[in-house]
Amino acid sequence: MLYPNLSVNDAGHLTVAGHDTTELAARYGTPLMILDEAVIRSRCRTYKGALERFCPAGSLPAFASKALCFKRIYEIMAEEGMGIDVVSSGDLYTAKAAGFPLERAFFHGTNKTDRDIRFAMDSGLGYFVCDNAAELDAIEAEAARRGVRQKILLRLTPGIDPHTHAKINTGKVDSKFGAAIETGQAEALVCAALGKAHIDLRGYHCHIGSQIFEHGPFCDAARIMLAFTADMARRHGYLAELLNLGGGMAVPYVEGDPAIDYVANIAAIGALVEEVCTGHGIKAPAILMEPGRSIVADAGLTLYTVGSTKTIPGFRNYVSIDGGMTDNPRYTLYQSAYTVLAAGRMKDTPAGEYTVAGCCCESGDLIQENVPLPALSRGDLLCVLTTGAYNFSMASNYNRVPRPAVVMLGKNGPYEAVRRESWEDLVRNDC
């Protein structure tokens, strides 16, 4: 099995954390997202413990909310002592509603509106991650109106390519995010921030991309960011106390993907930080990281009910399910690889390769192609693994399809964390 919390019981059914997936589907319906709470908590503790052990005092992981956002996630992050990064007022509102201590929140985004900035300050936000000069001016104006000094980090682009998918690559000079070091814009933004009476500049942020398997690109980014940190200390007398290296560590989605040793990666980054800071003769900043996918992706799976199958001789076999791009758009967007299993027939021999097609009126609504599966019939159960990140958070109501329920597997058994949307929900805001 791809992950240790998965198994097959005597009935030939896939189990997750000891729970029979066919029983979960019968109880809660499909499509159904299932999350193993123990996996989420374990990964939080892995990150937190490794940063505390291998990086300077004050280092902290902040969960990247864009990967998966609902109230229960923020409750778990609070209980585990994590920080969070948010990318919208909606994220922030959800965290606030869950009672998350917002002094440990970092607000990202390239276009924070005046309303966003006011709401964040009203809510007691810890840090803005400031993307550009216009935003810096807007934060300064709002902080001045309140008579406070607002803590910020500046988002910078280090100008490296981690060789991940172009649509999840964010560290190159030509990026919608941040100010480039290479062009001199980063230094100009630092000088502007230092000149603001109501801005409390605490450090820098960068993010180079996502689904990165090696620690090398993170070390490359850290080296560039620390050289910039030392340069700003020499040139302008400002030494950053925080360096946020963003997220992006990968998870295996299919057999053959390499396993990730998150502790070893963080240890390597920590050693690099100490070495480079010593070389520059500066005090090492606390290191922040923003794991999202690697906290929740492999904690999740999605169950679907088969509706029909179709064979086009000489072309391909199709199996259609009761979900699709509305709850998992990533294959349509990125051709993302997934592991697909016949959850109720795990001991059956594959009858051929199938394209798993979603229920939307859209030719591109596919979950995966060339999947070896047994001959399936209406009512059979399919399972797609590793759907904890960027599935529920990217879910939509395209074709007026309700979003699925989210069920957590906790220490006391399964419980609903997000109820299934109803048809009534779909028209609730219609006038």
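Start by selecting Lys112 and Phe107: the charged end of Lys112 sits over the ring of Phe107, 5.7 Å from its centre. Keep in mind as you go that this is a predicted model. For another charge over a ring, pick Lys151 and Tyr127, where the charged end of the lysine lies 4.6 Å from the centre of the tyrosine ring.

**Helix H5**

Now select residues 114-122, which make up helix H5. Which of its residues are buried? Colour Asp116, Ile117, Ala120 and Met121, and you have them. Look down the axis of H5: these buried residues fall within an arc of 125°, so they line one face of the helix. The spacing has a simple background: an α-helix has 3.6 residues a turn, so residues three or four places apart point the same way.

Next, turn to the face of H5 that points away from the buried side, and show Arg115 and Asp122, the exposed residues it carries. Then bring up what covers the buried residues. The cover includes two helices, H4 (89-97) and H6 (133-146), along with strands S7 (105-107), S8 (127-130) and S9 (150-157).

**Aromatic pairs**

The model has nine aromatic pairs; here are two of them to visit.

Select Phe70 and Phe392. Their ring centres are 5.8 Å apart and their planes stand at 90°, so this pair is edge-to-face. Where do the two residues lie? Phe70 is in the loop between strand S5 (60-64) and helix H3 (71-79), while Phe392 is in the loop between strand S19 (381-385) and strand S20 (405-410), so the pair ties together parts that are 322 residues apart in sequence.

Move on to Tyr204 and Phe228, an edge-to-face pair with 5.3 Å from centre to centre and 70° between the planes. Tyr204 belongs to strand S11 (residues 199-205) and Phe228 to helix H8 (residues 216-236), so this pair links parts that are 24 residues apart in sequence. Tyr204 is buried, with a relative accessible area of 0%, and Phe228 is buried at 6%.

Methods: Residues are numbered from 1 along each chain as its sequence is written. This is a predicted model: local features need pLDDT of at least 70, side-chain atom pairs count only at pLDDT 80 or more; totals for chains, interfaces and linings use all residues. Side-chain values use heavy atoms; hydrogens and water are left out. Rings of Phe, Tyr and Trp (its six-membered ring) pair if their centres lie within 6.5 Å; planes under 30 degrees apart count as stacked, over 60 as edge-to-face and the rest as tilted. Helices (H or I, at least four residues) and strands (E, at least two) are DSSP runs, numbered from the N terminus. Buried means under 20% relative accessible area, exposed over 50%, partly exposed in between (1.4 Å probe, protein chains only). A charge sits over a ring if NZ of Lys or CZ of Arg is within 6 Å of the ring centre and within 35 degrees of the ring normal. The arc is that of the directions from the helix axis to the C-beta atoms. Contact means heavy atoms within 4.5 Å.
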